[in-house]
Amino acid sequence: MRGVIVSKDEIRNFLKFCCVGAANCLVDFCVYLGLSYLMPIYAARTLAWAVACLFSYQVNKSWTFKAQDKGFWPLLRFAVVNLCSLGLGLVLLYVFISLGSGKILAFFLCLPFTTLANFLGYRFWSFKHIG
């Protein structure tokens, strides 16, 4: 039954994650938009993603999940989750743009998919040892 019912702590973690995500999204979008005028769109998307990841790792580790994990492995797991999410986001970006949405709408259409993928990856793998 535990798998069916979501605890208050899990809901709180998800809401914190969404707050961090909102800040990340703002940074990510501003960098993406600025760079998209200077370089190919997929390169801009990749660089913007990298900038947002730096912020996300520290805040999600210390505030959202209060993870006690130390050393290289949590960072490596975080990077793997984010690389998978980046891949998913780039594929979806291509699909949405191919279907006729512009680069800005496509950016926002990708968010629900990558947000859920990131949360599940962080919660159950990257920061699995919650304090």
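Start by selecting helix 3, residues 72-98, which gives the most to a nonpolar surface patch, with three residues; helices here are DSSP runs of H or I with at least four residues, numbered from the N terminus. The model is a predicted one, in which local features need pLDDT of at least 70 and side-chain atom pairs count only at pLDDT 80 or more, while totals for chains, interfaces and linings use all residues. Residues are numbered from 1 along each chain as its sequence is written, and side-chain values use heavy atoms, with hydrogens and water left out.

Next, select Tyr42, Val91, Tyr94, Val95 and Leu99, which form the patch and together have about 520 Å² of accessible area (Shrake-Rupley method, 1.4 Å probe, only the protein chains shown counting as cover for residues). Patch members have over 30% relative accessible area and no salt bridge, with nonpolar side chains (Val, Leu, Ile, Met, Phe, Trp, Tyr) joined within 5 Å and like charges within 9 Å. Tyr94 lies in helix 3.

Finally, move to helix 1, residues 8-36, where Asp9 and Arg12 lie three residues apart, about one turn of the helix. Their side chains meet in a salt bridge at 2.8 Å, N to O, the rule being a side-chain nitrogen of Lys or Arg within 4 Å of a carboxyl oxygen of Asp or Glu; by this rule the count comes to three salt bridges.

Note on methods. Helices (H or I, at least four residues) and strands (E, at least two) are DSSP runs, numbered from the N terminus.
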